[in-house]
Amino acid sequence: MAYDNVPRLNSFSLGDFHNAEKCFFDFLVKHHLQKRYEIEDGNKNLTIGSVLDLVMKIIHRSKAYDQPLDYILTAIFSAAEREIRTSVEKKGPQSFYGATAKFLNEENINIAKEVFKNYYLKRGGKINKSIVGEKFWDLLLEGEEVLKLWGGPDSLEIGTDGVPEVVDYKYFEDVEKGKNYLDMDTMPKLYILLCASELQKLGYEKARFRVRSWSDPLDESLYEEFDLETVANLKDFFKYKIQQIMSIKEINFCEKEYCKSCKSDQREIWIKELRTQFNFS
Ligand SMILES: [Zn+2]
């Protein structure tokens with residue numbers, strides 16, 4: 001089956017797994033009803049994180065590894081801001097950068113610059129080089145029903161010891177709290193699995209998944225190493241995980257005050273849609 005022909009109901013990203021665990025109704029609204037961009041309204045910290053991640057992407061893309069801090073804080077930050085605004089102008093407010101753009105103002109860009117400056121200075125300007133360019137990562141899980149995993153880390157870099165690193169950059173305003181909530185189970189497995197065959201093609205046998213914390217630049221503790229030959233076993237892990245989610249036929253609500261789906265005024269309409277279109281009870 002061609003990649004594009006896998007029904008969206010059978011396609012899962014990291015966010016889908018997280019949503020399904022946190023609030024099943026919220027997961028259904030975003031995954032089954034495709035309302036993700038409609039209900040995500042963003043916030044200051046998500047915007048700061050998105051800007052920082054994009055700045056790192058542009059550094060990799062333009063190979064700006066030996067550039068002075070000032071160049072990054074001016075030219076590359078401007079390029080990132082432009083890219084976010086252009087994307088929203090083209091694709092509308094309900095798109096990938098829609099929620100980011102809402103909080104993209106001078107104040108938050110300046111906070112992002114301060115965070116970057118601290119990151120750069122504490123690491124002595126050291127940014128590991130990228131080994132694979134930006135791409136959309138997806139993977140088919142063959143079986144009775146074809147499933148698809150998609151998404152991807154921020155970058156694939158070469159570690160200081162020569163081991164390739166699949167890196168996800170994270171911005172936490174509260175570093176300790178952020179680290180406690182970090183998913184170091186599904187996230188490393190998914191991102192390594194998505195990138196494994198590409199890394200094997202490049203001749204690597206091992207890979208490391210790593211989280212880099214923008215606010216804690218010297219933390220080297222957030223990682224997990226994988227033997228690429230055995231990574232294919234993870235396909236069964238994800239098949240099982242998806243089958244478990246898809247076997248739930250009853251809508252559950254978290255009822256949390258901050259839940260955009262449970263607390264939406266569209267709630268009853270969405271419940272009705274889920275019942276009629278997908279046979280939920
Ligand atoms: Zn909820």
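How many Å separate the centres of domain 1 and domain 2? Taken over C-alpha atoms, those centres are 22 Å apart.

Some housekeeping before you click on. You're looking at a predicted model, where local features need pLDDT of at least 70 and side-chain atom pairs count only at pLDDT 80 or more, while totals for chains, interfaces and linings use all residues. Residue numbers start from 1 along each chain as its sequence is written.

**Whole view.** Show everything as a cartoon. The protein has 11 helices and 8 strands; these are DSSP runs (H or I, at least four residues, for helices; E, at least two, for strands), numbered from the N terminus. Along its principal axes the C-alpha trace spans about 60 × 45 × 35 Å. With 281 residues, a compact globule would have a radius of gyration near 19 Å, and the 20 Å of this protein agrees with that. That radius is taken over C-alpha atoms, and the rule is 2.2 Å times the number of residues to the power 0.38.

**Two domains.** Colour 41-127 as domain 1 and 130-243 as domain 2; the bounds come from an automatic or database domain assignment. Their contact takes 14 residues from domain 1 and 11 residues from domain 2, where contact means C-beta atoms, placed from the backbone, within 7 Å. On the side of domain 1 that touches domain 2, helix H4 (44-61) and H7 each supply at least two residues. H4 gives the largest share of that side, 9 residues. By class, this side of domain 1 has 5 nonpolar, 4 polar and 5 charged residues. For the classes, Ala, Val, Leu, Ile, Met, Phe, Trp, Tyr, Cys and Pro count as nonpolar, Asp, Glu, Lys and Arg as charged, and the others, Gly among them, as polar.

**H4 against H7.** Keep H4 and H7 on screen and hide the rest. They pack at an angle of about 55 degrees, with axes 9 Å apart. Axes are lines fitted to C-alpha atoms, for helices over the stretch in contact, and angles run from 0 to 180 degrees between N-to-C directions. H4 and H7 are therefore oblique to each other (under 35 degrees is roughly parallel, over 145 roughly antiparallel, 65 to 115 roughly perpendicular, the rest oblique).

**H4 against H5.** The angle between H4 and H5 is about 110 degrees and their axes are 9 Å apart, so the two are roughly perpendicular. This crossing is right-handed too. Select Val51, Leu54, Val55, Ile58 and Ile59 of H4 with Ile72, Ile76, Phe77, Ala79, Ala80, Glu83 and Ile84 of H5. You get 11 nonpolar residues, no polar ones and 1 charged.

**H5 against H7.** Last stop: select 69-91 for H5 and 106-122 for H7, which pack at about 140 degrees with axes 11 Å apart. That makes H5 oblique to H7. H5 passes H7 in a right-handed crossing. The contact is made by Leu69, Ile72, Leu73, Phe77 and Glu81 of H5 and Ile109, Lys113, Phe116, Lys117 and Tyr120 of H7. Colour by class to find 7 nonpolar, no polar and 3 charged residues.

Methods. Left-handed = near helix turned anticlockwise from the far one by under 90°. Contact = placed C-beta atoms within 7 Å.
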